[in-house]
Amino acid sequence: MDRRELRAGTRVVRAARSLPPGEGIPVVPPLVQSVAFDYGSAAEQDAVFGNERSGYVYGRYGTPTVAALEAALAELDEVDAVTCFVTGMAAIAAFVDACAISNGGRVVAQEDSYGQTRALFERWARERRADIACVDTTDHTAVERALLAKPTALLYAEAIANPLLRVNDIRALAELAHANGARFAMDATFATPLLVRPAALGADVVIHSLTKYLNGHGDVMGGAVGGSRAVAQAMRDRTILDGGYLPPHEAWLAIRGMRTLALRVARQCETALAVARHLAAHPRILRVRYPGLPDHPQHELAKRQFGGRFGGVVSFVLKDDSRDAAFRFLDALELAASATTIGDLFTEVLYPPISSHRRLPAEERRRLGISDGFLRLSVGIEEPEDIVADLDAALARV
């Protein structure tokens with residue numbers, strides 16, 4: 001049909017459906033926001049739907065922008081393929097369910113993992129009668145005992161635990177899992193690919209919350225599961241049928257954020273170490289947890305495994321180990337935000353008993369080491385002296 005014969009109402013609807021031809025490769029990848037993709041023939045579309053040729057058909061099945069992010073993440077983590085999800089929790093839920101829960105497989109999981117991860121596991125145990133054992137994954141005897149107790153499909157742990165900052169020996173856990181017929185999945189959100197690449201140490205699957213350091217600007221939520229192409233195929237099926245796919249605009253923003261990951265993380269690690277040392281000597285602090293301090297239980301492991309950097313998160317307990325003292329501290333902060341995430345450009349402080357670990361009973365929180373005066377600090381890229389001054393001023397109110 002000759003476009004000149006079309007009426008104005010039709011022309012405006014169909015205007016600018018494609019970019020005009022021209023030389024030059026954009027230095028920033030284009031944002032392809034389109035939900036649907038047109039084909040010259042039904043046979044071509046059929047071949048893409050049937051995975052006989054590469055291509056895009058519908059946003060939930062994948063888009064070029066999301067594919068660009070997935071390729072970049074796979075390269076960073078040194079895995080065969082990555083599948084992105086709308087949140088980190090969606091990524092965790094999709095993989096653990098597909099790998100174990102949906103077919104009755106048993107899971108051995110880190111007991112002091114992110115509070116919402118543990119809450120998800122406990123919900124599966126209640127609602128689906130899932131067999132999930134929570135153990136201290138830094139105690140390899142306990143891990144082996146749990147793996148030997150029953151056939152286990154999956155061992156799940158965090159590279160740096162949220163919020164207690166225990167450091168797991170990735171290679172040792174991978175060997176324990178594989179020796180007992182289990183797959184090993186590692187959430188590396190706190191470490192990022194700059195501190196460690198778990199797949200290179202034996203992990204079968206690497207999980208990230210893109211919301212945190214990888215994006216790093218506080219304006220995107222997302223998650224990623226990386227591993228073999230078989231894992232990616234299973235995860236892609238989840239994004240299609242469960243609908244937890246990452247939209248292209250979020251993927252585009254995450255790509256933008258990742259470009260400064262090395263600069264941000266280097267600064268945050270350096271400042272976090274300085275802040276941890278300062279807090280450790282502060283008279284109103286009872287205890288500091290940071291892998292870069294010599295008194296951290298896994299300090300030597302962290303040095304070997306992370307190459308001299310220890311992450312941008314510092315946890316500490318107030319000497320007045322009470323909820324009231326924690327609230328006074330949070331309310332007195334002026335520079336740092338009292339916020340519920342990590343890895344942003346700006347410094348944030350979280351109170352886990354009312355947020356990330358609120359669902360855990362108080363006695364279980366205390367058993368793990370999350371007392372009433374426990375706080376988690378995500379160090380930003382502000383000037384270190386200003387961060388310290390803000391913390392000192394708030395501690396003076398405690």
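A pocket is an open set of grid points, on a 1 Å grid over the protein atoms alone, with protein on both sides within 12 Å along at least five of seven lines. In this predicted model, the largest pocket has a volume of about 850 Å³. Its lining consists of 26 residues, and Asn51, Gly55, Tyr61, Ala232 and Arg236 are those nearest the centre of the pocket. Two or more lining residues come from each of helix 2 (42–49), helix 3 (64–77), strand 1 (81–85) and helix 9 (229–242). Helix 9 supplies the largest share, with 6 residues. Sorted by class, the lining of the largest pocket has 13 nonpolar, 7 polar and 6 charged residues.

The second largest pocket holds about 410 Å³ of space. It is lined by 23 residues, of which Met89, Tyr114, Asn162, Ser209 and Lys212 lie closest to its centre. Helix 4 and strand 6 (205–209) each contribute at least two residues to this lining. The lining of the second largest pocket comprises 8 nonpolar, 11 polar and 4 charged residues.

Helix 4 (residues 88–99) also packs against helix 5 (residues 115–127): the two axes come within 11 Å and cross at roughly 40°. Helix 4 and helix 5 are therefore oblique to each other, and their crossing is right-handed. On the side of helix 4, the contact involves Met89, Ile92, Ala93, Val96 and Asp97, while helix 5 contributes Gln116, Thr117, Leu120, Phe121 and Trp124. This contact has 7 nonpolar, 2 polar and 1 charged residues.

Conventions: Residues are numbered from 1 along each chain as its sequence is written. This is a predicted model: local features need pLDDT of at least 70, side-chain atom pairs count only at pLDDT 80 or more; totals for chains, interfaces and linings use all residues. Side-chain values use heavy atoms; hydrogens and water are left out. Axes are lines fitted to C-alpha atoms, for helices over the stretch in contact, and angles run from 0 to 180 degrees between N-to-C directions. Helices (H or I, at least four residues) and strands (E, at least two) are DSSP runs, numbered from the N terminus. Angles under 35 degrees count as roughly parallel, over 145 as roughly antiparallel, 65 to 115 as roughly perpendicular and the rest as oblique. A crossing is left-handed if the near helix is turned anticlockwise from the far one by less than a right angle, and right-handed if clockwise. Contact means heavy atoms within 4.5 Å. Ala, Val, Leu, Ile, Met, Phe, Trp, Tyr, Cys and Pro count as nonpolar, Asp, Glu, Lys and Arg as charged, and the others, Gly among them, as polar. On a 1 Å grid over the protein atoms alone, a cavity is a set of points where a 1.4 Å probe fits but cannot get out, and a pocket is an open set with protein on both sides within 12 Å along at least five of seven lines; lining residues have an atom within 4 Å of a point. Grid points are joined across faces, edges and corners, and a volume is the space filled by probe spheres set on the points.
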